[in-house]
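Visitor: I have a model open and would like to talk it through. Can you take my questions as they come?

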Amino acid sequence: MFKHLFSYISKIHVKSKDGFLFSLLLPFALGLVFLFAFEGLVIDESKSFDPVKVAISIQGNALEQKEVMNFLNEVGIEGKLENDEIVQVNTDTDGKEKYILYYFGEESTVQKLLKEGKIDSKVDIDNRDNQMDISLYIHPLKASDINSQVVYQVFNSFNSSYHTTKDATVRLTVQAFQGRDLNFVEPLVNRVRALGSEDVYINEYKERINPEVHYFFVSLAYICLYFMSVGIQIIRKNEGYSSATSKRLMISPVGMGKRVFTSFISLSIPALALMYLLLFFYWKSDIGLSRDYGSVILLISLGTLVSIFLGMAVASLFKMTDDRADGISMAIPIVGALTGGLMGVASLQLKIWIGEKIPFFNIINPVALVTDGLYQLSLYPTYNQFYQTISYLTVYLIILVVLTAVGIRRVKE
Amino acid sequence: MIVEMKDIVKRYKEVVALDYLNLEVKEGEIYGLLGPNGCGKTTAINCMLSLISFDNGGVKLFGEKMSRTNNRLKEKIGLVMQDIGVYDELTVRENIDYFCGLYIKDKKTRKAYVEEAIEFVGMKKFEKYKPKKLSGGLRRRLNLACGIAHKPELIILDEPTVAVDPQSRYHILENIKELARNGKTVVYTTHYMEEVEEICDRLTIMDKGKTLVMGTVDEITEMSLKGEIVEAKIYDISDALIKEIGNTEGVDSCEYDAVNSILKVGFNKGASRLIELLRILNENNISFVDLTVKKPSLNDVFLEITGKELRDNV
């Protein structure tokens, strides 16, 4: 039965104007348009990422110092002091991404550099009491910058790896740089501690966002949400009230669940295949998309599935005419893209405002989630926030699947 | 009993679409649901098939309670809808094969059934056509084939001849009679009384969701208070003679349509005075052509009960 349904549903979908033109050709064309629009404009941010300048003072035994240096060499480049400025000792990065430019110095020198704003962060490492204490000081003026997050993530990663390999504890504390505006300390510490939370992310957007990169990511996310129309189609083609053919299916002995499942498989495969093809073109064009292929594919797959199930949930819960279905198919992705920051600076400001005032909206907006995920993959040194985004999408998907299952059991007349 | 609908009430907010509708269809008969547009025929079918819920009453098909999830019952049912339920993207054969495949799993059997259905509706030479290329009548026949290809025991036809040319209508009606001859039970809704008179064993006349009358065609027309109506084409007749005919015993009414030259004489029920009428015309040297005698129709019964015609354009 599955084979019979699958072959005919696929055939009908591909041969129909709605299915081929609006579900396959149009999003693909849109994707290519976005590709051409951003090609040349967007460069791979990770490649042009300037390592964050960090000065480190270490107090402790030589062995522990070596541990720290070995780790830092993996993620950073060693620097030296020249005319009160930190410069790279060696420009060779072994082809690896480097996040920090670190300089080991005396505590007093390091303190001076931070005071003068020559470095983003100062790090004190003290392992004299069989306990490694890492104190991270961040310049208040850099507090809202992504650089402070990068440094935090680097040392947090060190913390994790040290804990795992040595079975020892690292005490990582974050402090604002003392000696400036003390009122700034508490919110700063809270903000940095809350890394991974929406607040920090929003501030990072404010300060660092490169609009072209953002538009590119949000356009890709918008194409994912475009497939919401596929979800609506899946349900409407099986709901008895919507057409004579679906009424005929409704009185057949093949249950609604089985038909919807088969339709979902038949229609979501081309949608996903199309997204993968677009990704292939994007990667080929060397546009600023993360090269972490697995993670990007996971994110885009989840985003597309959430969008399809969003359409399925809406269509299964609410009875709608053809016109209303068309309207919803167009309106929701556009609203999602608008609030996700696709349409110019004002739209980007709107996303920031939503993030501050009604952050929940960003969690239920697949465009915002996928955009954030792409951004995190491309620009963040660790996967923490990306995994959070993936978990949001997964929970969202599960909720939508449940809503769809409830919806298709309801009799709509 | 193949179909039993008891005291079905269906309301859409203030509007009562079905008002305690009762229906009983026996095995092997063609049962008609006759009524004007909007009288609740399709709603009755939808309730019968559990496509919509209803506010009161119950439906049993083949002695079993019908529900949305009763797939065993659904296997025995074929539906031919008022709207044509076929896919424009598939050919005639593919359409029939697709819908038949929802019921028949065995490939060989299905192929044979599809072949039979195509032959049955006379569409062999159109089997590779897409529905859009077919005439309205042929699309209706394809619609019928899709509904019956799996050889259901109960076939429900909801106005299958709407907007169909006479040739296709004849074809469809012949198909339905053939199905009944093969032992299928047919529920047939229409607002064409001629079709019901031609094919239905029994029927229910509905209006505003209510059952007005039920029985065989003869039983229902017998209910009419009117008698026969005689119509003749007469080119010249005086007003005095029209009056004389009107005053004849047993004559209910006498009208002359001067534009079309038609004399129309209605007799009281059971008082056929055709010989008397012919005698009067002969005595007055009135020649006539195309004399027809009409018995009361289902429309007359409907008109007498509701005060309106079955079809607006009748």
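Guide: A definition to begin with: helices (H or I, at least four residues) and strands (E, at least two) are DSSP runs, numbered from the N terminus. Two strands pair if DSSP finds at least two bridges between them. The model is predicted, with local features needing pLDDT of at least 70 and side-chain atom pairs counting only at pLDDT 80 or more, while totals for chains, interfaces and linings use all residues. Residues are numbered from 1 along each chain as its sequence is written, chains are lettered from A and ligands numbered from 1 in the order in which they are written, and side-chain values use heavy atoms, with hydrogens and water left out.

Visitor: How many helices and strands are in chain B?

Guide: Chain B has 11 helices and 14 strands. Chain A has 17 helices and 7 strands.

Visitor: Let's do sheets. What is the order of the 4 strands in the open sheet of chain B?

Guide: The order is β2-β1-β4-β5, with antiparallel pairing. The edges are β2 (15–25) and β5 of chain B; each has a single partner strand, so one side of each has no neighbour in the sheet.

Visitor: Which helix packs on that sheet?

Guide: Helix α1 (residues 41–48) of chain B does, touching β1, β2 and β4 of chain B. Contact here means heavy atoms within 4.5 Å. The direction of α1 makes about 115 degrees with that of β1(B). Such axes are lines fitted to C-alpha atoms, for helices over the stretch in contact, and angles run from 0 to 180 degrees between N-to-C directions.

Visitor: How many bridges join β1 to β4 in chain B?

Guide: There are 5, between β1 (residues 3–12) and β4 (residues 56–61), and the two strands run antiparallel. Within that pairing, Val9(B) is opposite Asn56(B).

Visitor: What comes between β4(B) and β5(B)?

Guide: 2 residues, and the two strands form a hairpin. In the turn, Phe62(B) has a positive phi of about 55 degrees. β5 covers residues 64–65 of chain B and is joined to β4(B) by 2 bridges, antiparallel. Lys60(B) faces Lys65(B) across that pairing.

Visitor: Which charged end sits over the ring of Phe62(B)?

Guide: That of Lys76(B), 4.7 Å from the ring centre. The rule is that NZ of Lys or CZ of Arg is within 6 Å of the ring centre and within 35 degrees of the ring normal. Elsewhere, Arg169(B) lies over the face of Tyr192(B), 4.2 Å from the ring centre.

Visitor: What about the open sheet of 6 strands? What is its order?

Guide: In chain B the order is β6-β7-β8-β3-β9-β10, and the pairing is mixed. β6 (77–80) and β10 (210–215) are the edge strands, each pairing on one side only. From one strand to the next, the twist averages 15 degrees. β9 (residues 202–207) and β10(B) are antiparallel over 5 bridges, and Met206(B) has Thr211(B) as its bridge partner.

Visitor: Changing topic: which residues touch the most other members of the largest nonpolar core?

Guide: Leu289(A), Met48(B), Leu61(B), Ile96(B) and Tyr98(B), in a core of 150 residues. A nonpolar core is a set of buried Ala, Val, Leu, Ile, Met, Phe, Trp, Tyr and Cys residues joined through side-chain atoms within 4.5 Å. Leu61(B) has Met48(B), Leu73(B) and Leu154(B) among the residues it touches, leaving out those up to four places away in sequence.

Technical notes:
Buried < 20%, exposed > 50% of the residue type's maximum accessible area, 1.4 Å probe, protein only.
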